[in-house]
Amino acid sequence: SAPRIHPLFVLLLVGFANASFCKLFGGDLISMGIVFSATITGFYLKQQMQTKKINHYVVFIVSAFVASLCASTALIFDTTSEIAMATSVLYLVPGVPLINGVIDIVEGYVLTGFARLTEASLLIVSIAIGLSFTLLMVKNSLI
C-alpha cells in the first residue's frame, strides 16, 4: 500500500499554499501570516468534522465561516484585509470535481459530468454561505 501522509504535514502545506495565494493576489506579509493561521484553523476543523462523519455541506459552511472569521482579524491591522479574507477559504475550492465534471462531459459521459459539476457547485455555494456569515458579522468594518 502507499505510504500515508501525516495530517499535520498536510495541514502545514495547505496553510503555506493559502498564504502563497494571498501573496499572489496582492496581499502583504501581515495578511499572509493571518491567512496561514486562519487556514490552519479552518482546515484542522474540517479534518476533525470529517472524521466525525458530519454532513459534507455543513463541514464546508462551518470551515469557511471559521477560516474567514479568523482572517477577519486582518481588519484590525493596516493590511490587505479583503485579500486575507478572500484567500483564507481557497483550500475549500473543489477543483478536482470541477475538472473531472468537465472532462466527463467532453468525453461523452454527460450525466456523470453534470452530477459532478452539481456536487462541486453545491460545495461552492456552501463556501459562499460560510463566508457570507462572516461578512454579515463584520460588515461595519468593511464599509
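I call it a salt bridge when a side-chain nitrogen of Lys or Arg sits within 4 Å of a carboxyl oxygen of Asp or Glu. Searching the whole structure with that rule, I find one salt bridge.

Ground rules for my notes: this is a predicted model, where local features need pLDDT of at least 70 and side-chain atom pairs count only at pLDDT 80 or more, while totals for chains, interfaces and linings use all residues. Residues are numbered from 1 along each chain as its sequence is written, and side-chain values use heavy atoms, with hydrogens and water left out.

**Entry 1, the salt bridge.** Which residues make it? I see Asp104 joined to Arg116, with the closest N and O atoms 2.7 Å apart. Asp104 belongs to helix H5 and Arg116 to helix H6 (residues 110–137), so the pair ties together parts 12 residues apart in sequence. (Helices here are DSSP runs of H or I, at least four residues, numbered from the N terminus.) Next I checked burial: under 20% relative accessible area is buried, over 50% is exposed, and in between is partly exposed, using a 1.4 Å probe and protein chains only. Asp104 is buried at 9%, whereas Arg116 is partly exposed at 36%.

I looked for rings of Phe, Tyr and Trp (its six-membered ring) with centres within 6.5 Å; planes under 30 degrees apart are stacked, over 60 edge-to-face, the rest tilted. The structure has three such pairs. One of them is Phe21 with Phe25, stacked at 6.3 Å centre to centre and 20 degrees between the planes. Phe21 is partly exposed at 36% relative accessibility, and Phe25 is exposed at 52%. Another pair, Phe43 with Tyr91, is edge-to-face, with 5.7 Å between centres and 85 degrees between planes. Phe43 is in helix H2 (residues 29–51) and Tyr91 in the loop between H4 and helix H5 (95–106), so this pair ties together parts 48 residues apart in sequence. Are Phe43 and Tyr91 buried or exposed? Both are buried.

I find Ser81 in helix H4 (residues 81–87), and Ser81 is buried at 6% relative accessibility. Setting aside neighbours within four places in sequence, I list Ser31, Ala74 and Leu75 as the contacts of Ser81, contact being heavy atoms within 4.5 Å. From Ser81 to Leu92 I get 11 residues in sequence and 19 Å in space, C-alpha to C-alpha.

I place Leu12 in helix H1 (residues 7–24). With a relative accessible area of 35%, Leu12 is partly exposed.

Note on methods: Helix = DSSP H or I, 4+ residues; strand = E, 2+ residues; numbered from the N terminus.
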